[in-house]
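Subject: Structure handover

Hello,

Here is the structure for you to look over. My notes follow below it.

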Number of protein chains: 2
Amino acid sequence: MKIQIVRDVLEANDQLAGDIRNVAKKEGFTLMNIMSSPGSGKTTLLERLIPALTKKEIRTAVIEGDITTTADAERIVRMNIPVAQINTEAFGGDCHLGAEVILPALHQFDLSSLDLIFIENVGNLVCPAEFDTGANVNVVVISTTEGEDKPLKYPLMFRVCQVAVINKIDLLPHLDFDIQILEENIRKINPMMEIVSCSAQTGAGFDELTKLVIAKR
Amino acid sequence: MKIQIVRDVLEANDQLAGDIRNVAKKEGFTLMNIMSSPGSGKTTLLERLIPALTKKEIRTAVIEGDITTTADAERIVRMNIPVAQINTEAFGGDCHLGAEVILPALHQFDLSSLDLIFIENVGNLVCPAEFDTGANVNVVVISTTEGEDKPLKYPLMFRVCQVAVINKIDLLPHLDFDIQILEENIRKINPMMEIVSCSAQTGAGFDELTKLVIAKR
């Protein structure tokens with residue numbers, strides 16, 4: 001009985017995710033879902049990436065997913081782009097964003113005026129990977145402070161993503177951490193993964209990241 | 001209907017958690033559940049804490065929770081203490097450890113010969129907080145690289161824990177991070193929280209942490 005219900009929830013989610021991709025195609029925007037552990041630097045990364053995209057005349061918006069607080073959305077709105085906040089505590093403190101909350105969030109935007117909509121998912125390296133948000137591109141952010149073993153320990157996340165961003169490379173001199181081992185572990189799980197290293201703090205690597213995001217659009 | 005089933009699962013879990021606390025009382029051990037985001041340093045912390053406890057003649061064991069791999073258990077077993085590995089992929093890749101997997105893991109140990117059993121939960125700042133493992137003490141590890149805002153964004157985790165360990169203080173000189181703000185945010189959510197700062201890398205703060213763990217036993 002329990003299995004039946006879980007399957008129904010996932011099937012309903014997948015159907016809505018398909019609907020979202022149809023909306024994206026019709027309205028001509030790309031939906032990019034950014035996932036990571038708490039504190040990997042997703043918001044700081046967007047704070048640096050979005051102005052670079054704006055300079056290239058790419059019109060962006062962000063759907064902010066948090067269990068509670070609007071702290072991240074308040075940081076994003078300072079860039080004068082549209083932001084929709086989803087607080088999952090209204091849905092029982094959900095540990096991920098499902099398609100059922102993304103669809104109404106999208107309809108808060110003037111979709112025809114946007115090229116690229118980011119989802120900043122709930123900080124969680126497990127559950128968000130299990131739910132299709134309807135995104136066209138899935139991105140995992142992993143910071144150098146998290147250790148090289150995370151792709152092996154959280155393989156589903158690295159399987160469902162097409163892009164891996166290794167953040168906080170400014171801390172490399174202070175860590176017992178080998179970025180090559182992390183990259184090897186990522187490719188063990190997902191040989192096709194596009195990997196870019198950067199520091200949202202210093203800006204290192206952001207030319208390459210901006211190019212990659214534009215190419216994925 | 002869905003709500004009913006979720007309630008049943010949680011009720012069944014709570015009953016088993018109570019059973020586990022009865023076993024702990026009867027056998028005379030303390031069960032300490034360690035939770036955090038992926039990469040906060042739980043395993044490294046245990047690698048430094050357990051030898052310090054052994055020196056004080058406290059007999060320990062560890063239940064290692066991971067979705068997949070036995071990498072952490074292999075690190076722990078080098079300390080010549082009993083280890084039980086739970087891989088949640090056998091249960092659909094569960095994002096947390098429930099009491100139903102802790103109880104059989106406990107029975108792999110000679111319980112009468114143990115004083116303190118650690119649970120290293122799945123790396124996840126959300127879901128593990130929702131499931132009572134039967135532990136006597138809940139500990140959250142938060143690293144300095146994760147930012148000051150995490151207690152506000154993941155309040156349930158900080159509500160269900162009695163001890164917060166702030167790890168990776170060796171990185172403080174290299175971070176734009178204010179440890180006092182983190183402590184204030186922790187106390188906003190849980191004014192009774194006992195907080196200790198340390199570095200599992202350098203050993204700083206481990207005298208205090210060892211004392212606190214012994215006091216909590």
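**The interface**

Chain A and chain B bury about 2600 Å² between them, and carbon and sulfur atoms give 63% of that area. Buried area here is the accessible area (1.4 Å probe) that two parts lose on being put together, summed over both. Pro38(A), Lys153(A) and His174(A) supply 20% of the area that chain A buries against chain B, more than any other three residues.

Two notes on the source. This is a predicted model, where local features need pLDDT of at least 70, side-chain atom pairs count only at pLDDT 80 or more, and totals for chains, interfaces and linings use all residues. Residues are numbered from 1 along each chain as its sequence is written, chains are lettered from A and ligands numbered from 1 in the order in which they are written, and side-chain values use heavy atoms, with hydrogens and water left out.

In residues, 33 of chain A are in contact with 33 of chain B. Contact means heavy atoms within 4.5 Å. There are ten residue pairs in polar contact between chain A and chain B, both residues at pLDDT 80 or more. A polar contact is a pair of N or O atoms within 3.5 Å; within protein, one must be able to donate a hydrogen and the other to accept it, and residues adjacent in sequence count only if both atoms are side-chain atoms.

Helix α5 (residues 150-153) of chain A gives the largest share of the side of chain A that touches chain B: three residues. Helices (H or I, at least four residues) and strands (E, at least two) are DSSP runs, numbered from the N terminus. By class, that side of chain A has 14 nonpolar, ten polar and nine charged residues. Ala, Val, Leu, Ile, Met, Phe, Trp, Tyr, Cys and Pro count as nonpolar; Asp, Glu, Lys and Arg as charged; the others, Gly among them, as polar.

**Symmetry**

A rotation of 180° with 0.0 Å of shift along its axis superposes chain A on chain B, with an RMSD of 0.0 Å. The two copies are thus related as by a two-fold rotation axis. The same surface serves both, since 100% of the contact residues of chain A recur in chain B. The superposition is by least squares on the C-alpha atoms of residues with pLDDT of at least 70 in both copies.

Over all chains, the structure holds 14 salt bridges. Four of these are counted between chain A and chain B. A salt bridge is a side-chain nitrogen of Lys or Arg within 4 Å of a carboxyl oxygen of Asp or Glu.

Start with Lys153(B). Its side chain meets that of Asp66(A) in a salt bridge (3.3 Å, N to O). Lys153(B) lies in helix α5 of chain B and Asp66(A) in strand β2 of chain A, so the pair joins two chains. Both Lys153(B) and Asp66(A) are buried. Buried means under 20% relative accessible area, exposed over 50%, and partly exposed in between (1.4 Å probe, protein chains only). A network of salt bridges links Asp66(A), Asp72(A) and Lys153(B).

Now Lys153(A). This residue is in helix α5 of chain A and is buried, at 6% relative accessible area. Its side chain forms a salt bridge with Asp72(B) (2.5 Å, N to O). Asp72(B) is buried too. Beyond its neighbours within four places in sequence, Lys153(A) is in contact with Asp66(B), Ile67(B), Thr68(B), Thr69(B) and Asp72(B).

One salt bridge sits within chain B: Glu194(B) to Lys216(B) (2.7 Å, N to O). Glu194(B) lies in strand β7 (residues 194-197) and Lys216(B) in helix α8 (residues 206-216), so the pair ties together parts that are 22 residues apart in sequence. Glu194(B) is partly exposed at 32%, and Lys216(B) is partly exposed at 27%.

Ser143(A) is in strand β5 (residues 137-143) of chain A. Ser143(A) is buried, at 1% relative accessibility. Its side chain makes a polar contact of 2.7 Å with that of Glu146(A).

Most residues other than glycine have a negative phi. Thr69(A) has a positive phi, near 75°. Thr69(A) is in the loop between β2 (60-66) and α3 (71-77) of chain A. Lys168(B) also has a positive phi, near 65°. Lys168(B) is in the loop between β6 (163-167) and α7 (179-189) of chain B.

Best wishes
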